[in-house]
Amino acid sequence: MKTIKIFLVFAICAFFISSAKAQSGVTKVEVGYSASFPTSSFKDFIGDASYRGVDLRIMHGINDKLSVGFGTGFQDFYQKYPRQVYKLSDGSDISAVVSNSVQTVPLLARVQYNFVPGNRVQPFVGAGVGGNMVLYRQYLGEFGDSKNKFAFQAQPTAGIYFPFREAGSTGLTLSGYYNIIPFRYNGSTNLNSFGVSLGISLPTRSY
Amino acid sequence: MKTGMLSLIASVTLLTIVTGCSKDPLNHLTDDESRIYITNHDSTASFTSFHTFSIADSVAIVNNNQAGGKDQSPYDAAFISAVKAAMIKQGYTLVDKHNNPDLALAVTVISNDYSGIISYNDYGGYYGDYWDPYYWGYPGYSYYYPSYYGVYSVNETALAVDMFNLKDASSSSQLKNIWTALIRGTGIFNSSKVDEQVQTLFDQSAYLKTN
């Protein structure tokens, strides 16, 4: 709730300083709140959606349609499973409450293509490729096992940019993306997830 | 410029809020949830072939992998009674150790201490930032802060229950362990949890029965 309030304050401020300019040569910061939904084998480890995330992108317009840049962020996944008896490979049985926790910090090189620059509604597609700092933890009761790893990540993205003014450099960005993160550890094969982000795009200087 | 600053503030604020909202698994566990119960058994043992048992009347103490004597606190007595009750519930008959029991049970408290050293001298260098020696009436002086170390110690305790085969001891010339159970976690010595803990061990060992 606090996050949403702060986001709204920044959105209102940005509206008043936005100006109508083309995207070419413009460097923009896009910061947004993100939610993520585990898929594939990651869903077996943590089935719950994560509503604790943030996206940050710095994109530079090569021309009106194409921009390149850098993306990062943070997402926190957590799920606690009720007490259950697990059979271990040595024949023993262990009764435990299992807590699984994963934090991800992507570090991606990004490219983005805007189909209709200048419109009030601007759909775009993009992709990010790079790595992800993964903190992976599993607790049986209070006894934990952790693995930190810099994993490969690819992130196809699609979204819509809503400038506050026609052809403006400031506006809201709604995007959806798929995180592809191969991660082999403790029975997991990947940390793939589907994410959505609502953010604000701001030029790094006024135009 | 104003916009750039706004972007930076927005980014840092959001990052701070969201990373601060991360859920630490250990902060979301009750004492009950923190405990784990591990059992294992000899897969060749036929537990239905045993009918009687006896249990040691005190608890063995093992400290840092060394024998630490025996204890018979009210908690120990309650735990032993709970094991007796659970065995009887499974169909076994409690007999005196002199009456040739088929099984022997014993309870052990395993305690391990871990210690480490932490250096505190790093913050000494910041003293001058807070109270310049001028504050004490010594302008131009500097602080000298020797290396101090703090020692911390962590103790972890577990409760174990072991079952030995006495029925076949003569033929094998050994007291073979055929079932072992271990309880670890926070609050394992809470007297109100004794029955619940013992029952959990037996619930996950369905093979412990006479028929």
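**Pockets, cavities and their surroundings**

Modeller: Let us start with one residue: L108(A) is buried, because its relative accessibility is 3%, and buried means under 20% relative accessible area, exposed over 50% and partly exposed in between, with a 1.4 Å probe and the protein chains only. L108(A) belongs to strand β4 of chain A; here helices (H or I, at least four residues) and strands (E, at least two) are DSSP runs numbered from the N terminus. A127(A) is 19 residues away from L108(A) in sequence, and their C-alpha atoms are 9.0 Å apart.

A word on how to read all this. Residues are numbered from 1 along each chain as its sequence is written, while chains are lettered from A and ligands numbered from 1 in the order in which they are written. This is a predicted model, where local features need pLDDT of at least 70, side-chain atom pairs count only at pLDDT 80 or more, and totals for chains, interfaces and linings use all residues; side-chain values use heavy atoms, leaving out hydrogens and water.

The model scores ipTM 0.76 and pTM 0.79. Chain B has an average pLDDT of 86, with 84% of its residues scoring at least 70; pLDDT is the predictor's confidence in each residue, from 0 to 100.

Chain A has 2 helices and 10 strands, in the order α-β-α-β-β-β-β-β-β-β-β-β along the sequence. Of its 207 residues, 49% are buried.

Now to the empty spaces. Rolling a probe the size of a water molecule over the atoms shows where empty space is left. On a 1 Å grid over the protein atoms alone, a cavity is a set of points where a 1.4 Å probe fits but cannot get out, whereas a pocket is an open set with protein on both sides within 12 Å along at least five of seven lines; lining residues have an atom within 4 Å of a point. Points are joined across faces, edges and corners, and a volume is the space filled by probe spheres set on them.

The largest pocket holds about 470 Å³ of space. Its lining has 25 residues, with S54(B), I55(B), A56(B), D57(B) and K97(B) nearest the centre. In chain B, β2 (52-63), α3 (74-89) and β5 (103-119) are the elements that give two or more residues to this lining, and β2(B) gives the most, with 7. By class, the lining has 16 nonpolar, 4 polar and 5 charged residues; Ala, Val, Leu, Ile, Met, Phe, Trp, Tyr, Cys and Pro count as nonpolar, Asp, Glu, Lys and Arg as charged, and the others, Gly among them, as polar.

The second largest pocket has a volume of about 290 Å³. It is lined by 17 residues, and F45(A), Y86(A), V98(A), N100(A) and Q138(A) are the closest to its centre. The elements giving two or more residues here are α2 (42-45), β3 (66-87), β4 (93-114) and β5 (122-140) of chain A. This lining divides into 8 nonpolar, 7 polar and 2 charged residues.

D44(A) and S188(A) are 144 residues apart in sequence, with 8.3 Å between their C-alpha atoms.

Finally, the cavities: there are 6 of 30 Å³ or more. The second largest cavity has a volume of about 130 Å³. Its lining counts 18 residues, and Q75(A), T104(A), P106(A), Q153(A) and N179(A) are the closest to its centre. β3(A) gives the most to this lining, with 4 residues. The classes here are 7 nonpolar, 10 polar and 1 charged.
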